[in-house]
Amino acid sequence: MQKIILKENLNELIKTWIKKYEIIAPVKESKISRFKKINSPNEIYNCLLTDIPAKTHFIPEGETLLEHKDKKTIEIEGKIKKTILFGLRKCDLNAIQVVDKVMFDKNYINKRKNTTLVGFFCENPDKYCFCNSMELQDFYDLYFYPQGKNYIISIGSKKGEQLVKNLPELKKEIKIPNPKNFKKLNTLDIEKYYKDERWKGDVRKCLSCTACTAYCPTCNCFDIKELINSDIKTIQSKRFHSSCMSKNFSLVAGGKSFRDSRTSRFKHFVFHKVLYFKKQKGRPMCIGCGRCLRVCPTKIDWVNTINKMNRKPLFNFSRFSFKKLKETNK
Ligand code: SF4
Ligand code: SF4
């Protein structure tokens, strides 16, 4: 079902939501755009894509998962007020769908249950966006699409329908197009490129700084730290982001790291995003937002690297035989 609203009436609609819900929307603070609680629609920053993705709403840094006191352990349930996560682009909506497939703690599930996802069509993709290459799906509670003086609102769930129940219904539904892209990942079938020599260029430039994973909306790996309160009676288990780009990530007892080399870590990042997750869960983990490319301090572009491999397979000297060539030329 689709509904319609005049663009000039959107702020009024948001004001009615603010009375009943907590609204988290894109804002810009000190040159950084992120999702944050707003008290007025005027605070919403209508930007390209937020620098910091919406995962911080569901998996904030340092959140408490368990509390240990008097020989008892309490699981923190992550109860939040009814919340609207507003202004998500199609890529970021899909990122939430990806994370839903792997996060099962009460804290995460409760936040998800109490959050309504309101998407917004992306009118300003930049040179790093390649979402159309990543098999994105329609995943939202509501999705706004600008058309002339109006927004067309597609309804994806009962939760979403509730928010726009007083708006008029569109008699004839329209098909919402994909956002434009200037960049493309030419293939998802990258298994055959694992041993390609051309990864070396990217790996040489990689600093293992982990920025790509910190800004990636689908990276969800974490570490748990036990912090003792100053009363020395209570201990809290807190979740902190972790990164497969870091050597310590795969460090085990005895001092062995399973991905000791930067090459193995870099390739794991790319192959997990494009290939491994798809094999396990049926869709790529990468949603083509381009944040990892935007923030990389040494301008590594693994999408271009794959495209080069795809355009021109590396000549395999080890399999080349002059003898066979002579025979075929006879
Ligand atoms: S942001 Fe770039 S340099 Fe830093 S770990 Fe990722 S790929 Fe390597
Ligand atoms: S791997 Fe890069 S492009 Fe893909 S979802 Fe993560 S940050 Fe976005």
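Me: Happy to start at a ligand: how do the residues of the shell around ligand 1 divide into nonpolar, polar and charged?
Reply: This is a predicted model, in which local features need pLDDT of at least 70 and side-chain atom pairs count only at pLDDT 80 or more, while totals for chains, interfaces and linings use all residues. Residues are numbered from 1 along each chain as its sequence is written, and chains are lettered from A and ligands numbered from 1 in the order in which they are written. Ala, Val, Leu, Ile, Met, Phe, Trp, Tyr, Cys and Pro count as nonpolar, Asp, Glu, Lys and Arg as charged, and the others, Gly among them, as polar. On that scheme the shell around ligand 1 comes to 9 nonpolar, 3 polar and no charged.

Me: Which residues surround ligand 1?
Reply: A residue is near a molecule if its C-beta atom, placed from the backbone, lies within 6 Å of it. By that rule the shell around ligand 1 consists of Cys206, Leu207, Ser208, Cys209, Thr210, Ala211, Cys212, Met245, Cys296, Pro297, Thr298 and Ile300.

Me: And how many charged residues are in the shell around ligand 2?
Reply: Around ligand 2 sit Cys216, Pro217, Thr218, Lys273, Cys286, Ile287, Gly288, Cys289, Gly290, Arg291 and Cys292. That shell has 6 nonpolar and 3 polar residues, and its charged residues number 2.

Me: How far apart do the C-alpha centres of domain 1 and domain 2 lie?
Reply: Domain bounds here come from an automatic or database domain assignment. The assignment gives domain 1 as 2-62 + 78-163 and domain 2 as 191-220 + 245-313. The distance between their C-alpha centres is 27 Å.

Me: Which helix gives the largest share of the side of domain 1 that touches domain 2?
Reply: Two residues are in contact if their C-beta atoms, placed from the backbone, lie within 7 Å, and in these terms 23 residues of domain 1 are in contact with 17 residues of domain 2. The domain 1 side divides into 17 nonpolar, 2 polar and 4 charged residues. Helices (H or I, at least four residues) and strands (E, at least two) are DSSP runs, numbered from the N terminus. The largest share of that side, 6 residues, comes from helix H3 (residues 90-100).

Me: Within what arc do the buried residues of H4 fall?
Reply: In helix H4 (residues 106-113), the buried residues are Asn107, Tyr108 and Lys111. They line one face of the helix, because, seen down its axis, they fall within an arc (of the directions from the helix axis to the C-beta atoms) of 95°.

Me: Is Ser257 buried or exposed, or in between?
Reply: Ser257 is placed in strand E13 (residues 256-257), and touches Lys247, Ser250 and Leu251, not counting residues up to four places away in sequence. With 15 C-beta neighbours inside 10 Å, Ser257 counts as partly exposed.

Methods: Buried ≥ 20, exposed ≤ 12 C-beta atoms within 10 Å, placed from the backbone.
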